[in-house]
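Welcome, and please take a look at the sequence and model below. The report then walks through domains, charges and backbone.

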Amino acid sequence: MDFGVLSTAGIARKAFLPAIEATDHEVTAVASRDGDRARAFADDHGIDESYEGYDDLIADANIDAVYIPLPNGLHGQWTKRAADADLDVLCEKPLTVDAGEAREVVEHCEDRDVTLMEGFMYLYHPRTERAIELARDELEDVRSVTAAFKFPLFDRPDDVRLSPDLDGGSLMDVGCYPVSLVRQILGEPERAYAHADDSRGAGVDTELAGILEYDDGSSARVASGFDTQKVQRYRVEAANGWLEVRDAFDAPTDEPLELEYRIDGRHAVETFDAIDQYRLEIEEFASSVENDRPPRTDGEEAIANMRVIDALAKSAERGRPVDV
């Protein structure tokens, strides 16, 4: 499969391209709003074609699919334009700015019969799959999940993640991961309550803490932020035990990872060999296209995740719990 990349964003250079090199697929075109930047990126990474402007790549490049690592506020429109050109789409999370736009984009792609996948790479890591399996099959009566993803975003006032016009903020950028993880374990919550702070006066949340409530009495706590040192972990508590994961979402590709749990009095630490979860994500996408089946992180999954994100954002704005 030949990919075009819409943007020279850091995640494309640091994560997507190295992952592609480990597969049978290839990036053959890249586009940027700045033609010189696109050409330099293509030269640095051995990419055949470069384009000034995303429309030109979509219209002219001889590709099968696009990877979209643009700022959040641009995901929806460029996913739809790619679909109009009969291109399958692997779009970075979050797919859109809210659940309403997500539904619109998903229906647009369905109408044009193209594969759409949201890039939650952590869900394809064997450790995540094992944690979800343990929570589903061995933990009894899960009562709470706590999940957080924070990292320092200091001395970068012009970072797109701090732009309200591009739908930045910690909830959208990294809070979407804890929300996703909680939903894999507990399902869809009924209510959300959140508190947010904008420590930079940027117009977006730089810290958010939320509670998700379920009608059976279980709950989850999620947190995201740009104002502390890096933390990414989750813990699941149940009547007969617990499980805990560190380096949970943006996992290193060059070292083994651990999953610790105590279930029915049995304590264990399982170790997983180093693996590139972006490569696994790409292979899932390509397999979905080849076999004409929805990927695990398909459009419906994206809509469901955005509903919870919307509720947390609305609660933080209103200062009270809201229904999901």
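UniProt, in an unreviewed entry, lists residues 135-243 as "domain: GFO/IDH/MocA-like oxidoreductase". UniProt positions are given in the numbering used here, feature names are shortened, and annotations may be inferred rather than shown by experiment. Over residues 135-243 the chain is 18% helix and 38% strand, with the end C-alpha atoms 8 Å apart. Helices (H or I, at least four residues) and strands (E, at least two) are DSSP runs, numbered from the N terminus.

Please keep in mind that this is a predicted model, in which local features need pLDDT of at least 70 and side-chain atom pairs count only at pLDDT 80 or more, while totals for chains, interfaces and linings use all residues. Residues are numbered from 1 along each chain as its sequence is written, and side-chain values use heavy atoms, with hydrogens and water left out.

Over residues 10-120 the chain is 48% helix and 22% strand, and the end C-alpha atoms are 17 Å apart.

Within helix α2 (residues 35-45) you will find Asp44. At 63% relative accessibility, Asp44 counts as exposed. Here, buried means under 20% relative accessible area, exposed over 50%, and partly exposed in between (1.4 Å probe, protein chains only). The C-alpha atoms of Asp44 and Arg13 are separated by 9.8 Å, and the two residues are 31 residues apart along the chain.

## A patch of negative charge

Which residues gather in a patch of negative charge on the surface? They are Asp34, Glu52, Asp56 and Asp60. Patches are made of residues with over 30% relative accessible area and no salt bridge, where like charges are joined within 9 Å and nonpolar side chains (Val, Leu, Ile, Met, Phe, Trp, Tyr) within 5 Å. Asp and Glu count as negative and Lys and Arg as positive, while His and the chain ends are not counted. The place of a charge is taken as NZ of Lys, CZ of Arg, CG of Asp or CD of Glu. Accessible areas come from the Shrake-Rupley method with a 1.4 Å probe, and for residues only the protein chains shown count as cover.

Glu52 is exposed, with a relative accessible area of 53%.

## Salt bridges

How many salt bridges does the structure hold? There are 27 salt bridges, each being a side-chain nitrogen of Lys or Arg within 4 Å of a carboxyl oxygen of Asp or Glu. Side chains of opposite charge can pair when their charged atoms come close. In one of these bridges, Asp215 pairs with Arg191, and the closest N and O atoms are 3.2 Å apart. This pair links distant parts of the chain, 24 residues apart: Asp215 is in the loop between β9 (207-213) and β10 (219-225), and Arg191 is in strand β8 (residues 191-197). Asp215 is exposed at 58% relative accessible area, whereas Arg191 is partly exposed at 26%.

Asp227 and Arg200 also meet in a salt bridge (2.8 Å, N to O). Asp227 lies in the loop between β10 and β11 (231-238) and Arg200 in the loop between β8 and β9, so the pair ties together parts that are 27 residues apart in sequence. Asp227 is partly exposed at 23%, and Arg200 is partly exposed at 31%. Another bridge joins Arg235 to Glu237, with the closest N and O atoms 2.4 Å apart. Arg235 is partly exposed at 25%, and Glu237 is partly exposed at 29%. Salt bridges that share partners also join Lys93, Arg156, Asp159, Arg161 and Asp173 into one network.

## Backbone points to check

Most residues other than glycine have a negative phi, and most peptide bonds are trans. The peptide bond from Lys93 to Pro94, however, is cis, with omega near -15 degrees. Pro94 lies in the loop between β5 (88-92) and α5 (99-111).

Asp86, in the loop between α4 (75-84) and β5, has a positive phi near 65 degrees. Asp86 is exposed at 55% relative accessibility. Asp247 has a positive phi of about 50 degrees although it is not a glycine. The loop between β12 (241-246) and β13 (257-263) holds Asp247, which is partly exposed at 34%.
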